[in-house]
Amino acid sequence: MHLFLFISRYQDYRNPPNHTHQYQLNMKYWHIFAARLSFVVVFEHLVFFITSILAYMIPDIPKSVQQKIMRKRHLAREALYKTEAEEARTVLETSEEHLTGEADSAILPC
């Protein structure tokens, strides 16, 4: 009878069969696992940092569009100020007419 002994040539990170904790993961596995995990975390933070810098450097709105927006805001404020000034002027004129009595002489009561 032939006795075949199968020896795996794949180096696994487990304890050998003659160890007290047979086939459990050894410290070499945990060191490699920690190195892989730290690489992933460092790489992820590096990508996040680079994308943050690029997002800061590249504006969301082009400068020409930003200038057009600022011009429209300025024109809108100017139109609002003109409208408010005209309304205030008409209110003052009507109040002066009421104070001087010019408006009462034009309308006679029945």
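Modeller: Helices (H or I, at least four residues) and strands (E, at least two) are DSSP runs, numbered from the N terminus. On that basis the elements of the protein chain run α-α-α from the N terminus on, with 3 helices and 0 strands. This is a predicted model, in which local features need pLDDT of at least 70 and side-chain atom pairs count only at pLDDT 80 or more, while totals for chains, interfaces and linings use all residues. Residues are numbered from 1 along each chain as its sequence is written, and side-chain values use heavy atoms, with hydrogens and water left out.

Colleague: Why is Asn15 called buried?

Modeller: Buried means under 20% relative accessible area, exposed over 50%, and partly exposed in between (1.4 Å probe, protein chains only). Asn15 has 12% relative accessibility, and therefore counts as buried. Buried residues make up 1% of the 110 residues in the protein chain.

Colleague: What does Asn15 touch?

Modeller: Contact means heavy atoms within 4.5 Å. Leaving aside residues up to four places away in sequence, Asn15 touches His21, Gln22, Tyr23, Gln24, Leu25 and Asn26. Asn15 itself is found in the segment before α1 (27-57).

Colleague: Why is Tyr23 called partly exposed?

Modeller: The relative accessibility of Tyr23 is 48%, so Tyr23 counts as partly exposed. Tyr23 also has its place in the segment before α1.

Colleague: What makes the phi of Tyr23 worth a remark?

Modeller: Phi of Tyr23 is near 60°, a positive value in a residue other than glycine. Most residues other than glycine have a negative phi.

Colleague: How do you know what UniProt places at residues 33-58?

Modeller: The UniProt record, an unreviewed entry, places the feature "transmembrane region" there. UniProt positions are given in the numbering used here, feature names are shortened, and annotations may be inferred rather than shown by experiment. In the model, residues 33-58 are 96% helix and 0% strand, and the end C-alpha atoms are 37 Å apart.
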